[in-house]
Amino acid sequence: MVGVGLIGTGFMGKCHAIAWNAVGTVFPDVAKPRLVHLGEVNEDLAKRRATEFGFAKASGDWRAVVDDPDVDIVSLTTPNQFHPEMAIAILEAGKHLWCEKPMAPSFAEAQAMVAAAQKSGKVAALGYNYIQNPAIRHIGALLDEKIIGEVNHLRIEMDEDFMADPEAPFFWKHEAASGYGALDDFAVHPLSLVAVLFGRVARVMCDMAKPYADRRVASGGRRAVETYDIASVLMHLENGIAGTLLVNRSAWGRKGRIAIQIFGSKGSILYDQERMNEFQLYLTSDRPTEQGYRTILVAPHHKPYDAFLPAPGHGLGFNDLKIIECRELLTRLADKPAWIIDFDEGLEIERTVHAMARSFEEQRWAAVR
């Protein structure tokens, strides 16, 4: 049985814990892992979370998790700026790694993480669970079949409103140390979908904006916001597809939206993450009298939906996608083909993000490679 360590127990840490607890029940083709050691910023919090999440041991020092001989793989779910040091230490200790996105605030740090993974020979995967959605997998299959012909245009957006309130307090995602802002905090998710559905981005033109110049701080007064909540990007992919990418962390009314519009020579496909168990399909092969978008509900024949539910229309959720991702990771650990984004593939997403930032800084088109 695989021994699991977890560092960080916030939103994504709990999501990883749910996945590790559930994966063997949902997918009996993988062995149930052992939840060995949990690390947090102090011992009291670590013990409380270990009890809640089902881990046998708890430590207020993340290095204790890394050094534990019973730990085979570590879930790393800390804030972005801590990823490089921790990830490299985990890999150098001979552990496999499941690291949340993005890889790191700087491209050089991401490269160092890739080098550590290659040197270790261990599996190093990134937390891009949106690619695991059965709807997205089926859209990919339809694109491979060229059911909508040759794709010529892609529009993809990601919007949430957790930073929409101008009076919400300053926190770590407003610091430059966390990265660019929506571009690397958010855009990496739609870019993961672009990567698995269409391939690499060749060149970009990017603009970024701050809807609010400063935020209040607990000690009184206000502090300047150092990151950008909004990014708008023109893209050309290596395969010739033209595209746009729009991301916004301050979009009132949007809760978890990743909207995709794919236009081809024989039809189009529409998808919205807020309605993650369906997508729309338009085909010119339909009779003109019945042409129109049809809604496709995700069902047991859209694998691996059937592992969760026996009937269509009941719906999977965010945490279910993480369980699917966990199964793919365990499959990769068994040296079998798996549907994950590893550090090598993740570096290409990071490369694209930094090209976008460079385009904004230089106010011109920028080549990704």
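1. The lining of the largest cavity splits into one nonpolar, three polar and four charged residues. Here Ala, Val, Leu, Ile, Met, Phe, Trp, Tyr, Cys and Pro count as nonpolar, Asp, Glu, Lys and Arg as charged, and the others, Gly among them, as polar. Keep in mind that this is a predicted model, where local features need pLDDT of at least 70, side-chain atom pairs count only at pLDDT 80 or more, and totals for chains, interfaces and linings use all residues. Residues are numbered from 1 along each chain as its sequence is written, and side-chain values use heavy atoms, with hydrogens and water left out.

2. Which residues line the largest cavity? They are Asn-80, Trp-172, Lys-173, Ser-178, Gly-181, Asp-184, Asp-185 and Arg-249. Its volume is about 40 Å³, and the count comes to one cavity of 30 Å³ or more.

3. Now look at helices α5 (residues 107-120) and α10 (residues 343-362): they pack at an angle of about 170°, with axes 10 Å apart. That makes them roughly antiparallel (angles over 145 degrees). On the α5 side, the contact (heavy atoms within 4.5 Å) includes Phe-107, Ala-110 and Met-113, while α10 brings in Phe-343, Leu-347 and Arg-351, among others. By class, this contact has seven nonpolar, three polar and three charged residues.

4. Helix α4 covers residues 83-92. Its buried residues (under 20% relative accessible area, 1.4 Å probe, protein chains only) are His-83, Pro-84, Met-86, Ala-87, Ile-90 and Leu-91. After α4 comes Gly-94, with a positive phi near 80°.

Technical notes: Buried < 20%, exposed > 50% of the residue type's maximum accessible area, 1.4 Å probe, protein only. Helix = DSSP H or I, 4+ residues; strand = E, 2+ residues; numbered from the N terminus. Axes fitted to C-alpha atoms, helices over the stretch in contact; angles between N-to-C directions. Parallel < 35°, antiparallel > 145°, perpendicular 65-115°, else oblique. 1 Å grid on protein atoms, 1.4 Å probe; cavity = no way out; pocket = protein on both sides within 12 Å on 5 of 7 lines; lining within 4 Å. Points joined across faces, edges and corners; volume = space filled by probe spheres on them.
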